[in-house]
Amino acid sequence: MIKAAFLTGVALVCVSLLAGLAGARSMEETRAVYSEGRFVEAAELGEALKTSESYGLAAQALAMQGHFFAKGEEKKALFQRAVELAEEAVRLDSANPEAHIQLAHTTGRYGQSLGFLQAVTGGYATKVRESIEEALRLDPDKPAAHLSMATWHAEIVNAAGGMAGFLYGATAKKARRHYERTLELMPDAKVVCVEYAFGLLLLDEEQNREEARGLLERALKKPSKDAVDRLYHEQAAARLAALGGG
């Protein structure tokens with residue numbers, strides 16, 4: 001079970017976790033808790049169900065908690081545990097593309113928490129790419145796989161610069177291609193517009209500023225369907241303001 005000390009450090013949350021865990025009966029309940037933004041509780045509920053699907057959602061929930069709310073060592077601990085849950089999801093069903101996506105997602109987050117040098121020497125970029133490639137092999141039209149691959153290319157280009165192609169085969173052209181494919185598959189998704197905009201800014205903020213601004217404005221016009229959308233909405237608004245567009 002996930003150690004509450006790593007997750008919140010607040011005793012009240014431990015009580016709520018236990019109460020939620022006692023009532024966990026289905027993935028529908030776990031998804032509902034996740035959609036409400038109760039990521040810690042969703043992770044506990046997903047782990048308790050012990051299926052590939054539920055472990056994948058638990059991993060995603062911890063990654064979201066770490067990304068949006070945790071800091072320092074707490075963030076690293078959340079990402080490390082998320083990787084373990086994603087690995088279990090893959091172990092239980094290696095034909096589940098979502099499990100591979102969450103392994104890529106959590107491994108990438110954990111690698112980022114270690115710092116650039118340690119991430120490079122630990123081979124995290126390659127591990128992430130391989131997991132995404134497997135997800136795409138299993139489901140070539142999976143939006144999350146294309147979005148993950150697009151972001152992988154953008155982040156590698158941003159980090160490695162002119163060496164990105166030589167070292168990892170990462171290019172801005174490939175990033176754009178996968179972002180566009182994601183938009184084709186999910187044209188109404190707020191998160192896709194936000195991630196696409198952030199990716200463009202990673203690739204070349206000066207050159208892509210106006211295009212990114214347009215995507216952020218598009219994202220803000222879309223309704224927020226759940227807590228995840230609301231978090232991305234806030235990020236989009238803040239970044240747009242920083243760009244001078246809001």
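This is a predicted model: local features need pLDDT of at least 70, side-chain atom pairs count only at pLDDT 80 or more; totals for chains, interfaces and linings use all residues.
The packed pairs are H5 with H7, H10 with H12, and H13 with H14.

**The bend in H13**

- The bend in H13 lies at Glu 205 and amounts to about 145 degrees.

**H13 with H14**

- H13 and helix H14 (residues 227-243) have axes that come within 9 Å and cross at roughly 40 degrees, and the two helices are therefore oblique to each other.
- The crossing in which H13 passes H14 is left-handed.
- On the H13 side the contact includes Lys 190, Val 191, Phe 198, Arg 213 and Leu 220, and Glu 205 also takes part, the residue at which H13 bends.
- On the H14 side the contacting residues include Asp 229, Tyr 232, His 233, Arg 239 and Leu 243.
- Sorted by class, the contact of H13 with H14 holds eleven nonpolar, two polar and eight charged residues.

**H10 with H12**

- Helix H10 (residues 143-160) and helix H12 (residues 172-185) cross at roughly 155 degrees, with axes that come within 8 Å; because an angle over 145 degrees counts as roughly antiparallel, H10 and H12 are described as roughly antiparallel to each other.
- H10 passes H12 in a crossing that is left-handed.
- From H10, the residues that meet H12 include Pro 143, His 146, Leu 147, Met 149 and Val 157, whereas H12 contributes, among others, Ala 172, Lys 174, Tyr 179, Arg 181 and Leu 185.
- The contact of H10 with H12 divides into ten nonpolar, five polar and two charged residues.

**H5 with H7**

- Helix H5 (residues 52-68) packs against helix H7 (residues 97-114) at an angle of about 25 degrees, and their axes lie 9 Å apart, which makes H5 roughly parallel to H7.
- The crossing of H5 and H7 is left-handed.
- H5 brings Ser 52, Gly 56, Ala 59, Gln 60, Ala 63 and His 67 to this contact, and H7 brings Glu 98, Ala 99, Gln 102, His 105, Thr 106 and Arg 109.
- In the contact of H5 with H7 there are three nonpolar, seven polar and two charged residues.

How values were computed:
Residues are numbered from 1 along each chain as its sequence is written. Side-chain values use heavy atoms; hydrogens and water are left out. The bend at a residue is the angle between axes fitted to the seven residues ending there and the seven starting there. Helices (H or I, at least four residues) and strands (E, at least two) are DSSP runs, numbered from the N terminus. Axes are lines fitted to C-alpha atoms, for helices over the stretch in contact, and angles run from 0 to 180 degrees between N-to-C directions. Angles under 35 degrees count as roughly parallel, over 145 as roughly antiparallel, 65 to 115 as roughly perpendicular and the rest as oblique. A crossing is left-handed if the near helix is turned anticlockwise from the far one by less than a right angle, and right-handed if clockwise. Contact means heavy atoms within 4.5 Å. Ala, Val, Leu, Ile, Met, Phe, Trp, Tyr, Cys and Pro count as nonpolar, Asp, Glu, Lys and Arg as charged, and the others, Gly among them, as polar.
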